Amino acid sequence: MHFTITREALLKPLQLAAGVVERRQTLPVLANVLLTLKDNVLEITGTDLEVELIGRVAVSGESQPGEITVPGRKLLDICKALQDDASLEFKVNDNKCLVKAGKSRFSLTTLPASDFPATVDEPGSFEFAISPDELKSQIHACAFAMAQQDVRYYLNGMLFEVGESWFRVVATDGHRLAMQTVGVASDVTETQQIIVPRKGVLELSRLLSEPSDEKIALLFGSSHIRVRLKDFTFTSKLVDGKFPDYMRVLPKGGDKVVIGDKQELRQAFNRAAILSNEKYRGVHLQLSPSEMKVVANNPEQEEAEDQVSVNYDGDALEIGFNVSYLLDVLNVIDSEDVKFTLADSNSSALVESTSPVDALYVVMPMRL
């Protein structure tokens with residue numbers, strides 16, 4: 001195997017593939033990335049058995065096809081340490097991968113490509129196309145609500161749900177819920193659901209970080225999701241479980257509507273949070289016509305109070321929330337104003353953007 005490639009062309013696919021690789025591995029080959037050269041296209045594959053990412057880049061000049069695995073992190077560190085305009089020459093000899101760049105020489109240990117675990121292609125149940133920017137914005141809007149290491153393992157990920165003309169993502173950790181829906185064209189006759197694990201969601205978000213006009217293909221399988229882009233293929237195992245019926249969680253019948261300036265509310269919540277209980281992070285929201293008072297206190301008998309002008313003309317109401325949950329929602333809403341719909345002090349709040357984006361957030365109240 002022999003080829004030459006510029007540092008610039010190699011860096012992005014290598015970064016993404018090596019990002020999937022876990023630092024601590026039970027199998028030595030999982031610390032490696034698979035390099036496959038065929039028809040002047042270099043494929044770089046990284047996997048941790050849960051998530052697999054393949055990056056493709058064209059190779060020009062003289063080359064000899066082949067495949068080998070090399071240490072992912074070390075190769076990435078070598079690339080990063082080289083000059084921007086460097087050109088790397090790869091040669092595989094006697095179980096060593098020799099990398100030359102200018103006056104620099106590196107000899108990396110290798111493991112045979114046959115040891116590298118390949119994702120088995122399974123027949124997809126269905127496939128549809130979506131704009132990468134839309135999918136990225138959906139993940140960004142909802143990822144904060146995913147659970148982390150919850151015993152209810154089906155919450156440690158994100159629900160992807162597709163209907164005849166829409167695609168929705170939903171995340172919840174049992175205390176708050178986030179969902180966003182976009183319109184898509186699909187051949188689905190009945191609604192389909194899969195749960196993508198937390199790591200898969202975060203890696204997919206990294207992959208979609210660059211703006212793109214091209215649609216991407218989303219393939220739902222029985223045990224995998226596959227996302228196909230022009231230069232990348234992303235595959236993730238699914239969480240085997242039943243996602244809760246999120247429609248039952250959406251608060252209904254809230255008659256108290258509050259609209260406030262997102263920036264002012266965020267600043268007031270941040271200031272009040274300074275003197276909230278460090279463990280529970282609770283704040284009281286005291287509503288009266290045209291005004292919201294934000295009050296926090298802690299076991300040291302310290303208290304913070306802030307007032308924000310809001311558009312509200314209902315009855316007086318006092319309700320408690322974890323201030324971190326409110327701030328998480330305000331950090332992803334993209335409109336200047338934000339709308340809260342409340343029923344009483346024991347019911348969840350429904351939080352929405354005032355822009356036409358179809359996103360909903362539910363935050364459970366706290367007893368303070």
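Predicted model: local features only at pLDDT ≥ 70, side-chain atom pairs only at ≥ 80, totals over all residues.
Biologist: What makes Lys199 and Glu22 a salt bridge?

Modeller: A side-chain nitrogen of Lys or Arg has to lie within 4 Å of a carboxyl oxygen of Asp or Glu, and in this pair the closest N and O atoms are 2.9 Å apart, so the contact between Lys199 and Glu22 meets the rule. Lys199 lies in helix H4 (residues 198–207), whereas Glu22 belongs to the loop between helix H1 (7–20) and strand E2 (32–38), so the pair ties together parts that are 177 residues apart in sequence.

Biologist: Why are Lys199 and Glu22 called partly exposed?

Modeller: Buried means under 20% relative accessible area and exposed means over 50%, with partly exposed in between. Lys199 has a relative accessible area of 23% and Glu22 stands at 35%, so both values fall in the range between those limits.

Biologist: How do you know that Arg168 and Glu161 form a salt bridge, and are these residues buried or exposed?

Modeller: Their side chains meet at 3.8 Å, N to O, and because the limit is 4 Å, the pair counts as a salt bridge. Both Arg168 and Glu161 are buried. Salt bridges that share partners also join Glu22, Asp48 and Lys199 into one network, and by this rule the count for the model comes to 12 salt bridges.

Biologist: What makes Asp150 and Arg152 another such pair?

Modeller: The closest N and O atoms of Asp150 and Arg152 are 3.0 Å apart, which is within the 4 Å limit, so this pair is also a salt bridge. Arg152 is partly exposed because its relative accessible area, 34%, lies between the limits of 20% and 50%.

Biologist: Why is Val33 called buried, and which residues is it in contact with?

Modeller: Val33, found in strand E2, has a relative accessible area of 0%, and since buried means under 20%, the word applies to Val33. Leaving aside neighbours within four places in sequence, the residues in contact with Val33 include Leu14, Ala17, Ala18, Ile44, Val70 and Phe116. The C-alpha atoms of Val33 and Ala18 are separated by 6.7 Å, although these residues are 15 apart along the chain.

Biologist: What makes E5 and E9 the edge strands of their sheet?

Modeller: The sheet is an open one of eight strands in the order E5-E2-E3-E4-E16-E15-E14-E9, with antiparallel pairing. Strand E5 (66–71) and strand E9 (126–130) each pair on one side only, and they are the edge strands. The twist of this sheet averages 15° from one strand to the next.

Biologist: Which residues have the most contacts inside the largest nonpolar core?

Modeller: Those residues are Met158, Phe160, Phe167, Leu218, Phe220, Phe269 and Tyr361, in a core of 73 residues. Helix H6 (residues 323–332) gives the largest share of this core, seven residues. Apart from it lies another core, of 30 residues, among them Leu10, Leu35, Val57 and Ala86.

How values were computed: Residues numbered from 1 in each chain as written. Heavy atoms only, no water. Helix = DSSP H or I, 4+ residues; strand = E, 2+ residues; numbered from the N terminus. Buried < 20%, exposed > 50% of the residue type's maximum accessible area, 1.4 Å probe, protein only. Pairing = 2+ DSSP bridges. Axes fitted to C-alpha atoms, helices over the stretch in contact; angles between N-to-C directions. Contact = heavy atoms within 4.5 Å. Core = buried A, V, L, I, M, F, W, Y, C linked by side-chain atoms within 4.5 Å.
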